[in-house]
Amino acid sequence: MESMLAVVIGGLYAAGMYLMVRRSIVKMIFGLALLGNAANLLIFTVGRLTRGRPPHVPADGVLSSLPVADPVPQALILTAIVIGFGVQAFALVLIKRVYQTVGSDDQDVMITENQGQEKPEQGEER
Amino acid sequence: MKNLLFLPLIIPLATAVLGLLAWNQRKFQRIAGVCSTALLTVTAVLLLLEVQQHGILSSQAGNWPAPFGITLVADTFSALMLLATGLMGLCVTVYSLADADSDQEARGYHPLLQVLLLGICGSFLTGDLFNLYVWFEVMLIASFVLLALGGKREQMEGAIKYVALNLIASALLLAGIGLLYGVTGTLNMAHLAIRLQEMPHTGTIPVIAVLLFCAFSIKAAVFPFYFWLPASYHTPPVAVITIFSALLSKVGIYVLIRVFTLIFPQETITGQPLILAAAGLTMLFGALGAIAQPELRRLLSFCVVSQIGYLLMGLGLMTPLALAGSIFFMLHIMAAKSALFLTSGVVARMTGTTMLKEIGGLYQRYPLLAVLFLVPALSVAGIPPLSGFWGKLALVQAGLQSEQYLLVAMALAVSVLTLYYLVTAWIELFWKNQPADAKKLHHLPTVRRGQMIVPALLLALVSLVAGLLPEPLFRLCRTAAEQLLNNDAYIKAVLGVTQ
């Protein structure tokens, strides 16, 4: 099971990195999502895969046998998923704004020419 | 007094929530912002005094005992950084009163600034590695919005680069934290320090150290990961860049120093050549980049990168003097660099441009402004008796003691380059004749000019006073460095047991 997940994680990292180096910002956002999921699966796998042994302490207070599944990695992943959700929502809004402002999703088109123009102060001139 | 540790989190959080509730009350948001940052500064002073009297403070959130719950810890280093955060927050909030336009304020500029401060204070106080990741994300999401607020074309370009690189860093950090938990079974930093001391440092542990080093280096803009900083820092309004350059990249360095002195001291020693090479190249490439810039804000952005190298140099050397020098230099650079950024913002407002060749002759009309740019510029370059000199002196002395002659030579050469490009910028702005095709100067109303100049003046004075009377501050930095190098007190404060 571990080796299979390791291959999946590697594939996700590779795909995410490949998408991130593309010029299209839409692909970049997909790449970010894949990287986040790869990291989550990595935490899940290195937190030891234990099947069918929930970490519940029974009413008599004695755990029948070890090892039980570790709940902490899953709590970490849950937090990371929620944070990733928020960040990806922001990133989607950002690329929409970029597309509206620039009119393209190509990062090469985005480079600005007129540098250093600051909005001048309103009012009296000297 | 242990609840004092929660105040630096509660103050900005409450202000941000109040600001969101009073979404249309801009006057209220402004007043609340100034009050909150002033209160944060006072709290940080109290915390610093408390840490000096009673040693390292720690507090367990929700009374869950460490290492199971989330721990907040304040030693001298974090208290000093909190104090700097409060002061920088106050200066930038006052400056924003004049600088932020009504469009930015209508989109929630002031509450966002508070959320950013919340994330920064959280990163300085936390004693738990995963909690650190959460505070990083709080800080990042606020900084993303602040960077893109306004929606100008060049801002969009900068925001894409900033967001992409910082999210890669977050993914690396998350992977590193996950692997570390897999190896040690704990996330509490003090507990991690104990666990890793008992383990042989082979196999995954150095890999985890490298992953975390890369993640924090991206955040701190260390060579070779600094490219996003000059590509994005010149785009947002000056108040926003000031708080970014003063606090965000310094959080990266703070965390590097904290994690690598506490959790990975062995890796820091074995990786010393790499860390020192990264430090030297960060200094050099930042300075070379700055020399080539014809535009003021880009020049100052490269200058930010260059100074990060000095901060990393202290970590690489790992001696008490070097770390004390780094901490002193970090406090100095926050004040001096921000004074430079704020003054350049006033110049940009008056001239309507930041291209050096389009500005000139400001000295005749605004001598105070010229002094206000020159003093922090000389301080950043490290001219005695300003604060930058003492930070560099300590670092160079520590470098010579550790026989890192090449790095010391590089640090000194970069100082000369820094002096060269900052003085060139000053001459271009203030000394040379006004170019014939220059636009007319715009006069700032008195109140707004006061709101923009007083914070810059305050920070320049901080740099001057810290330079004339370095002893009390340096003694504090020395204490902080010794606490960093002797983990026992930190571990005892968190876990309540000695190892």
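Chain A holds three helices and zero strands. Helices (H or I, at least four residues) and strands (E, at least two) are DSSP runs, numbered from the N terminus. Along the sequence, chain A reads α-α-α.

This is a predicted model: local features need pLDDT of at least 70, side-chain atom pairs count only at pLDDT 80 or more, and totals for chains, interfaces and linings use all residues. Residues are numbered from 1 along each chain as its sequence is written, while chains are lettered from A and ligands numbered from 1 in the order in which they are written.

Of the 126 residues of chain A, 28% count as buried. Buried means that 20 or more other C-beta atoms, placed from the backbone, lie within 10 Å of the residue's own; exposed means 12 or fewer, and partly exposed falls in between.

Chain A also touches chain B. The contact (C-beta atoms, placed from the backbone, within 7 Å) takes 40 residues from chain A and 37 residues from chain B. On the chain A side, helix H2 (25-46) and helix H3 (71-102) each supply at least two residues. H3(A) gives the largest share, 15 residues. The chain A side divides as follows.

| Class on the chain A side | Residues |
|---|---|
| nonpolar (Ala, Val, Leu, Ile, Met, Phe, Trp, Tyr, Cys, Pro) | 23 residues |
| polar (the others, Gly among them) | eleven residues |

In chain B, helix H15 (residues 320-351) has 32 residues. H15(B) is largely enclosed by the rest of the structure, because 30 of its 32 residues are buried. B:Gly352 follows H15(B), with a positive phi near 75°.

Notes: Expected span 1.5 Å × (residues − 1). Contact = placed C-beta atoms within 7 Å.
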